[in-house]
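Q: I would like to learn how to read the features of a fold. Please take me through them one at a time.

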Amino acid sequence: MDEIHVNIDLTETAALAETLEQVKPSPWTRRMFKLYFFLFIAFLNSCINGYDGSLMSGINVMEYYQKFFGMKETGSSTALVFSIYTIGNIVGSFFCGPFTDRWGRRWGMFIGAMIIILGTCIQAPAINKGMFIGGRFILGFGVATCATAGPSYVAEMAHPAWRGTITGLYNTFWFIGAIPASFVLYGASSITNDLSWRLPIWLQMCASGGVVLGCFFCPESPRWLISNCRHEEALKVMTEYYGEGDGESPFVQLSYKQMIAEIATEGSDKRWWDYRELFNSRSSWWRMVCVIGMGFFGQWAGNGAISYFMPVLLDQVGVTDTRTQLIYGAILSVISWIMASIGARFTDRLGRRPVLLIATALFVIEWSIVTALSSTYGKASNTNTNGSRAAIAFIYLFGITYSFAYTPLQALYPVECLPFETRAKGMGMYNLFVNIAAFFNTFAIPIALERVQWKVYFLYIAWDAFQFLFIYLFFIETKGRTLEEINEIFQASYPKKKSLEKHVLVESEDDL
């Protein structure tokens with residue numbers, strides 16, 4: 001019975017692939033632009049996280065913020081302010097699934113955005129440190145739901161012809177939140193009162209407000225509608241945006257059949273609390289090695305220091321003016337977004353392993369040079385501005401390398417490594433480990449920067465060297481393969497070696 005079910009899925013997959021190849025839909029129609037608008041609303045969920053990443057980095061060095069709460073740029077108090085956001089995210093990870101599954105993807109986005117607005121309304125007018133920290137916890141809790149519902153909506157609503165590219169671009173919108181935050185902070189830094197740090201926090205409601213309002217215009221995910229026995233509504237959505245109003249379009253009919261098959265497969269797993277299938281076989285363990293590895297490597301390569309403590313890094317190489325630090329951060333955000341968008345397009349051409357291995361090797365080189373330059377020109381007595389500029393240049397190079405290689409793959413690679421039956425649970429596990437790694441970044445790194453300063457970069461050099469070796473030994477190549485073929489790779493005795501074998505497509509008598 002299982003074999004027949006798989007053959008049906010493969011036949012439908014082949015038919016959809018053939019249809020996409022033969023009938024190229026136009027991306028410039030009125031209905032497609034409506035769909036782009038709905039996907040943009042979901043992309044705002046990524047902007048929310050990016051805004052906060054740049055927001056606290058800049059506020060942390062503002063004079064009036066430090067005076068009001070008695071804070072320093074580094075240390076345990078600063079670590080708590082940064083890490084409480086991640087703790088809220090971790091706690092929220094246990095609620096985001098039920099929110100999104102029970103009420104739907106768009107209402108999941110709505111709930112998450114409303115929680116973020118609540119957190120902002122507590123954090124921005126805070127009269128003491130406890131109130132400020134409480135607001136950040138609620139903010140992180142809401143972001144967990146947005147980070148679950150947003151990409152789910154994009155993957156399930158995007159047209160089949162461009163689902164891969166559009167889903168890959170989702171993560172690049174982190175910078176669309178980070179860039180405005182950087183320039184808002186730069187402008188607000190000239191205000192000579194507490195509004196200098198309160199105003200940027202209030203503006204955090206712009207993206208979340210856009211999600212709250214936009215959700216009323218967005219159709220629900222057809223896959224969620226089918227899972228709740230609302231087939232007519234699902235077909236109506238697919239007819240409008242996949243078939244250009246034609247219900248008999250092959251895109252509509254084949255997509256609908258695939259969704260029916262997928263929902264049936266999901267329905268066979270009735271123990272939603274049971275995660276044993278993620279670890280109950282050798283192939284499952286290898287998958288989770290790749291998934292969890294990507295979660296940690298995407299956070300511990302050194303990007304945590306860049307994202308949250310860019311001004312502190314600049315201070316350690318002699319750039320002490322607050323406004324100059326903020327403009328450097330803003331410029332880096334713009335460059336990183338451009339490189340991440342380019343990287344999203346090149347991932348399929350270059351392959352996953354080559355991109356990760358080359359980038360990680362460059363991390364070791366770049367951090368080694370930054371360490372050498374910081375030790376030489378990062379002293380208060382330094383008068384060599386060229387040395388400081390060189391250190392800044394290599395900090396920029398790290399950010400550019402990371403954005404090109406890791407930013408697009410952080411959402412794509414884990415999804416590819418997981419089979420459909422455990423994909424939702426596996427991605428939940430991935431997000432949990434991402435936040436555990438991020439907690440280390442936001443709590444331990446500021447303490448380390450305060451106590452040992454630039455010497456903390458030695459940790460990144462050693463970790464990135466280990467990261468390179470781990471990726472080389474265990475990460476598989478998924479380029480150019482269907483999900484069924486990737487499943488076959490994990491069944492091999494040495495999946496990495498199997499994935500590097502020459503990939504040959506053979507057409508049988510049944511055209512499969």
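Q: In which helix does Thr 86 lie?
A: Helices (H or I, at least four residues) and strands (E, at least two) are DSSP runs, numbered from the N terminus. Here, Thr 86 lies in α4, residues 76–103. Before going on, note that this is a predicted model, where local features need pLDDT of at least 70, side-chain atom pairs count only at pLDDT 80 or more, and totals for chains, interfaces and linings use all residues. Residues are numbered from 1 along each chain as its sequence is written, and side-chain values use heavy atoms, with hydrogens and water left out.

Q: Is Thr 86 buried or exposed?
A: Start with the cut-offs: buried means under 20% relative accessible area, exposed over 50%, and partly exposed in between (1.4 Å probe, protein chains only). Thr 86 has 2% relative accessibility, so it counts as buried.

Q: Which residues does Thr 86 touch, not counting residues up to four places away in sequence?
A: A contact means heavy atoms within 4.5 Å. With residues up to four places away in sequence not counted, Thr 86 touches Asn 435, Ala 438, Phe 439 and Thr 442.

Q: How many helices and strands are there in the protein?
A: The protein has 22 helices and zero strands. Of its 512 residues, 52% count as buried. Take the contacts with a separation of 6 or more: residues 24 or more positions apart account for 81% of them.

Q: What is the accessible surface of the protein?
A: Accessible areas come from the Shrake-Rupley method with a 1.4 Å probe; for residues, only the protein chains shown count as cover. The total for the protein is about 22,500 Å². Carbon and sulfur atoms hold 64% of that surface.

Q: How many residues does helix α2 have, and what span does it reach?
A: The expected span of a helix is 1.5 Å times one less than its number of residues. Helix α2 (residues 30–59) has 30 residues. It reaches 42 Å from first C-alpha to last, close to the expected 44 Å.

Q: Where does α2 bend?
A: The bend at a residue is the angle between axes fitted to the seven residues ending there and the seven starting there. For α2, the bend is about 25 degrees, at Ser 46. The helix is mostly covered, with 22 of its 30 residues buried.

Q: Which residues line the second largest pocket?
A: Rolling a probe the size of a water molecule over the atoms shows where empty space is left. On a 1 Å grid over the protein atoms alone, a pocket is an open set of points where a 1.4 Å probe fits, with protein on both sides within 12 Å along at least five of seven lines; lining residues have an atom within 4 Å of a point. The lining here includes Pro 27, Tyr 36, Phe 40, Trp 162 and Phe 173. α2 gives the largest share, four residues. Both α2 and α7 (163–170) supply at least two residues each.

Q: What volume does the second largest pocket have?
A: Grid points are joined across faces, edges and corners, and a volume is the space filled by probe spheres set on the points. For this pocket it is about 280 Å³.

Q: Which helices do the buried residues of α8 pack against?
A: They pack against α2, α9 (195–202), α16 (322–350) and α18 (385–417). Among the buried residues of α8 are Phe 175, Ile 179 and Leu 185. Helix α8 (residues 174–188) has 15 residues and reaches 21 Å, close to the 21 Å expected.

Q: Why does Gln 123 count as buried?
A: Gln 123 counts as buried because its relative accessibility is 0%. Its place is in helix α5 (residues 105–123). Beyond four places in sequence, Gln 123 touches residues including Met 56, Phe 132, Arg 136 and Gln 204.

Q: Where does Cys 229 lie?
A: Cys 229 is in the loop between α11 (222–227) and α12 (231–241). Its phi is positive, about 60 degrees, although Cys 229 is not a glycine. Its relative accessibility is 67%, so Cys 229 counts as exposed.

Q: What is the phi of Glu 244?
A: Glu 244 has a positive phi of about 55 degrees, and it is not a glycine. Glu 244 sits in the loop between α12 and α13. Its relative accessible area is 33%, so Glu 244 is partly exposed.
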